[in-house]
Amino acid sequence: MPNPTHTPADRPGSRLRNHRLTRGLTQEQLAERAGLSLAVVKKIERGGVGRLDTYHALARALRVKTSALFEPGAPHATTRADDDKVDLMPLRQAITPPIAASGRLLLGDTVEPDLDLANLRATAKALAASYYGDDYGHISQFLPALITTVRQAVDHYDNGPHHTEALKLRSDVLQTAGRYLTQVRAYDLAHAALRDALLDAAAADDQERASAAVYLQGWLLMRQGRLDEAERLALATADNVEPRISRATHSQLGVWGRLLVRASSAAARNNRPREAREMLRLARTAGAALGGGVASYPYGWGKFDWSTVAFQAVENQVVADQPKRVIGLSARVSAAGVTASANTWNRHRLDVAQAHVMLRQADEATEVLAALHLEAPEWLRHQQMAATTFEQSLRVSGRRRLTRKQRELSAFFQVA
């Protein structure tokens, strides 16, 4: 009779056990090195599923790449969003309409749409701004109709410069969709949107737009735990679009720098700190070349300047389990007067909250999370790391009775 706790050889649990035994470690020794409980190590070796940061801690303790512990996508293979929070059906119908033998079959009413490209561009800009303003309800309400309309615009302007502009517009709208869908963890649909965005950019012969779609695809791959692929994809694309610094436009510097930052983030999570630092060193070159300016592309990679690199350096220190460095670097970045987007700044504050928990500073972590809850609740709702950080802060605090802010956060994160 087979052992009920046995896991197939290609599962993370078996891979973890093999690496542990190769190094002559007991489960207790591995748990101590990784800063995890023995129960977590036992659970994963029995076939249970852990968070990506748990796998990273184990890989760091074993001195292997994080991806060595699992097949691409294993820790975060989910392809659905929280159905009680996000209604995806209209977006599914717009992004992946049924296809007849004659081509695409678009669903919807027969009212003649407004195909004026200038008007559609203005709507696309407004929806991109809604994303950065955390107005996800507005995006989910109006994005499906815009996607359907820009598809019709591409068909309507079937040749010449208007066709090229329509392709660029559709690529931008689909990148906004891919970014939003990745944020709410609808990974299968995000992949479809970004694939089509990349194809449209290529058809329009627009390398910078195509690179922006690659940047977002890298984020999607990281969310799925596909770290090797994310790093290789971002780095290869950065190599292809590397500009001559003396002649580069802000946009060229921005997309190159952003791709290097994405590659650095993937490398850091894959237990490759040296490579992560080298990629950030190159990205600083792009930031310095902007001379204090800011590059911007709202549909794909957002904004890029020197602070983008600084924020990623802080995030990499969280991944490397260096909380004191996180707090110190964060203070330096804040003192420099950073003007980051709301999403970037909120993500940074979440890193700081996690560092406080690592330092067993539960009250400080709670203050950061409470401020985020007050200022950006819709964004915070989709940050799994925020819920985990809060749960950890409760364990660190050790209070028998929760404070008012802790009770509010418990209700928000649905933590018992």
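The model is predicted. It holds 23 salt bridges and 1 cavity of 30 Å³ or more. Its largest nonpolar core has 90 residues, and another core, of 15 residues, lies apart from that one.

**Salt bridge between two helices**

- E315 and R269 form a salt bridge in which the closest N and O atoms are 2.7 Å apart.
- Because E315 belongs to helix α14 (residues 306-319) and R269 to helix α12 (residues 250-269), this pair ties together parts that are 46 residues apart in sequence.
- E315 counts as buried because its relative accessibility is 10%, below the 20% limit for that class.
- R269 has a relative accessible area of 17%, so this residue is buried as well.

**Other salt bridges**

- A network of salt bridges with shared partners joins R121, E165, K168, D172, D206 and R209.
- Within this group, the side chains of D206 and R209 meet at 2.8 Å, N to O, and both residues are buried.
- R226 and E229 also meet through their side chains in a salt bridge, with an N to O distance of 2.9 Å.
- R226 is partly exposed, because its relative accessibility of 26% falls between the limits of 20% and 50%.
- E229, with a relative accessible area of 25%, is therefore also partly exposed.

**The largest cavity**

- The largest cavity contains about 80 Å³ of space.
- Its lining consists of 12 residues, and those nearest the centre are K303, D305, T308, A340 and S341.
- Two elements, β4 (302-304) and α14, each give two or more residues to this lining.
- The most is given by α14, which supplies 3 residues to the lining of the largest cavity.
- By residue class, the lining comprises 4 nonpolar, 5 polar and 3 charged residues.

**Nonpolar cores**

- In soluble globular proteins, nonpolar side chains tend to be buried together.
- In the core of 90 residues, those with the most contacts inside it are I95, I147, L181 and F413.
- Helix α12 gives the most to this core, with 9 residues.
- Beyond its neighbours within four places in sequence, F413 is in contact with L380, A386, A387 and F390.
- The separate core of 15 residues includes A31, L58, A59 and L69.

**The loop residue A68**

- A68 is placed in the loop between α4 (52-62) and α5 (89-95).
- At 27% relative accessibility, A68 is classed as partly exposed, because that class lies between 20% and 50%.
- When residues up to four places away in sequence are not counted, A68 touches R15 and H19.
- The C-alpha atoms of A68 and R15 lie 7.6 Å apart in space, while the two residues are separated by 53 residues in sequence.

Definitions and conventions:
Residues are numbered from 1 along each chain as its sequence is written. This is a predicted model: local features need pLDDT of at least 70, side-chain atom pairs count only at pLDDT 80 or more; totals for chains, interfaces and linings use all residues. Side-chain values use heavy atoms; hydrogens and water are left out. A salt bridge is a side-chain nitrogen of Lys or Arg within 4 Å of a carboxyl oxygen of Asp or Glu. Buried means under 20% relative accessible area, exposed over 50%, partly exposed in between (1.4 Å probe, protein chains only). Helices (H or I, at least four residues) and strands (E, at least two) are DSSP runs, numbered from the N terminus. On a 1 Å grid over the protein atoms alone, a cavity is a set of points where a 1.4 Å probe fits but cannot get out, and a pocket is an open set with protein on both sides within 12 Å along at least five of seven lines; lining residues have an atom within 4 Å of a point. Grid points are joined across faces, edges and corners, and a volume is the space filled by probe spheres set on the points. Ala, Val, Leu, Ile, Met, Phe, Trp, Tyr, Cys and Pro count as nonpolar, Asp, Glu, Lys and Arg as charged, and the others, Gly among them, as polar. A nonpolar core is a set of buried Ala, Val, Leu, Ile, Met, Phe, Trp, Tyr and Cys residues joined through side-chain atoms within 4.5 Å. Contact means heavy atoms within 4.5 Å.
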